Amino acid sequence: MNTLWKHCKGFLFCLFPHHLVSRITYWATRQNTFLKNPAIRLFIRAFDVDMREAISSEPEDYANFDEFFTRRLVPGARPIAAGANVIVSPADGRISQISEYASHRAIQAKGRWFSVRELLGGALEYGRLCERGKFATIYLSPKNYHRVHMPLDGTLVEMIHVPGRLFSVAPYAAEVIDNLYTRNERVISIFETRLGWMAVVMVGAVNVAAIEMAWEGMVTPSGRKTVQRKKYPGVKLEKGDELGIFHMGSTAIVLLESTSVEWESGLRLQQPLVMGQALGRDTVSPQGTPEAS
């Protein structure tokens, strides 16, 4: 896709009625009509979806398109990389970015940056998390498994819902839309881990008709116009546990305040990932001593 066309698409998306279209998608994907099975079969062919991994492989097995899109996988389809010091991918997808950040700025795409403080909805009380650390951005395409899992053992501290736009988060959009992830609606989960604070951010996008969290249920769409913050005492999740669901696809961002994490050396931009695959590891405290905040 040439640069001019990318910028044209980005401009048109600024004028696009994101929320209206996404609410129509929300309704349409939950209907059980004579179109449901042909639509699922067409989607499988168009996006080369591997249904051998799914618990239910036939369109008739699903009550509606959304149930198919958020399908579960057969047990063992996604082995979780072992090791207390190993951080794993929270989702299937492709690596948009994987690096470190400093001075509360992280790279979105070549020549474009976003504010980590804004991404986290202004949650400034979590040590160095807003200022510096390591991050990985993973784009989930339509063909991918759309459940998001824990990258590391952690205790949930807070969930933050930030209303916003619903721009596309496809690779071209990250290249041409300024502050894409901080402008879009998102659900932020803050965890306390043995490596310090960790955030998992589920970013909304056009046609992402809803984001669901394991401990809360459906968070979006909500109709709220202001940032909502909610504390959660005592919710503990292990690496690989299901964290949330994208009802239609989007992007997940993992941020770790630990500076002792090193990303796996062989990873590169746009590389496909599967949930549970090793992303990196803590190089200082492999026996479980948390890094001081």
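The legends below start from the whole chain and then move to close-ups.

**Figure 1. Overview of the predicted chain.** This is a predicted model, in which local features need pLDDT of at least 70, side-chain atom pairs count only at pLDDT 80 or more, and totals for chains, interfaces and linings use all residues. Residues are numbered from 1 along each chain as its sequence is written, and side-chain values use heavy atoms, with hydrogens and water left out. The protein chain holds seven helices and 17 strands. Helices (H or I, at least four residues) and strands (E, at least two) are DSSP runs, numbered from the N terminus. Of the 293 residues, 54% are buried. Buried means under 20% relative accessible area, exposed over 50%, and partly exposed in between (1.4 Å probe, protein chains only). The accessible surface comes to about 13,000 Å², and 55% of it belongs to carbon and sulfur atoms. These areas come from the Shrake-Rupley method with a 1.4 Å probe; for residues, only the protein chains shown count as cover. Among contacts between residues at least 6 apart in sequence, 78% join residues at least 24 apart. Contact means heavy atoms within 4.5 Å.

**Figure 2. The open sheet of eight strands.** The strand order is E12-E7-E8-E9-E14-E5-E2-E16, with antiparallel pairing. Two strands pair if DSSP finds at least two bridges between them. Strand E12 (228-237) and strand E16 (272-273) are the edges, each pairing on one side only. Strand E2 (residues 93-101) and strand E5 (residues 133-139) run antiparallel, joined by seven bridges. Here arginine 94 stands opposite tyrosine 139 in E5.

**Figure 3. Strand E8 and its two partners.** Strand E8 spans residues 186-193, and seven of its eight residues are buried. Strand E7 (residues 154-162) runs antiparallel to E8, with seven bridges between them. Leucine 156 stands opposite phenylalanine 191 in E8. The link from E8 to E9 is a hairpin through two residues. Threonine 193 faces its opposite number in E9, glycine 196.

**Figure 4. Two nonpolar cores.** The largest nonpolar core has 36 residues. A nonpolar core is a set of buried Ala, Val, Leu, Ile, Met, Phe, Trp, Tyr and Cys residues joined through side-chain atoms within 4.5 Å. Leu120, Leu129, Tyr181 and Leu255 have the most contacts inside the largest core. Apart from it lies another core, of 33 residues, among them Leu140, Val148, Met159 and Val254. In soluble globular proteins, nonpolar side chains tend to be buried together.

**Figure 5. Leucine 255 and tyrosine 101.** Leaving aside neighbours within four places in sequence, leucine 255 is in contact with residues including Val116, Leu119, Leu120, Leu129, Trp197 and Met198. Tyr101 is also one of its contacts. Tyrosine 101 is found in strand E2. Tyrosine 101 counts as buried because its relative accessibility is 3%. Beyond four places in sequence, its contacts include Ala106, Arg128, Cys130, Glu131, Phe135 and Leu256.

**Figure 6. The loop between E2 and E3.** Serine 103 lies in the loop between E2 and strand E3 (105-109). Histidine 104 has its place in that loop too. Phi of serine 103 is near 50 degrees, a positive value in a residue other than glycine. Phi of histidine 104 is near 55 degrees, also positive. Most residues other than glycine have a negative phi. With a relative accessible area of 52%, serine 103 is exposed, whereas histidine 104, at 22% relative accessibility, counts as partly exposed.

**Figure 7. Helix H3 and its two sides.** The buried residues of H3 are Lys36, Asn37, Ile40, Phe43 and Ile44. Seen down the axis of H3, these residues fall within an arc of 125 degrees, so they line one face of the helix. The arc is that of the directions from the helix axis to the C-beta atoms. Helix H4 (65-69) is part of what covers the buried residues. Exposed Leu42, Arg45 and Ala46 sit on the face turned away from the buried side. Just after H3, aspartate 48 takes a positive phi of about 55 degrees.
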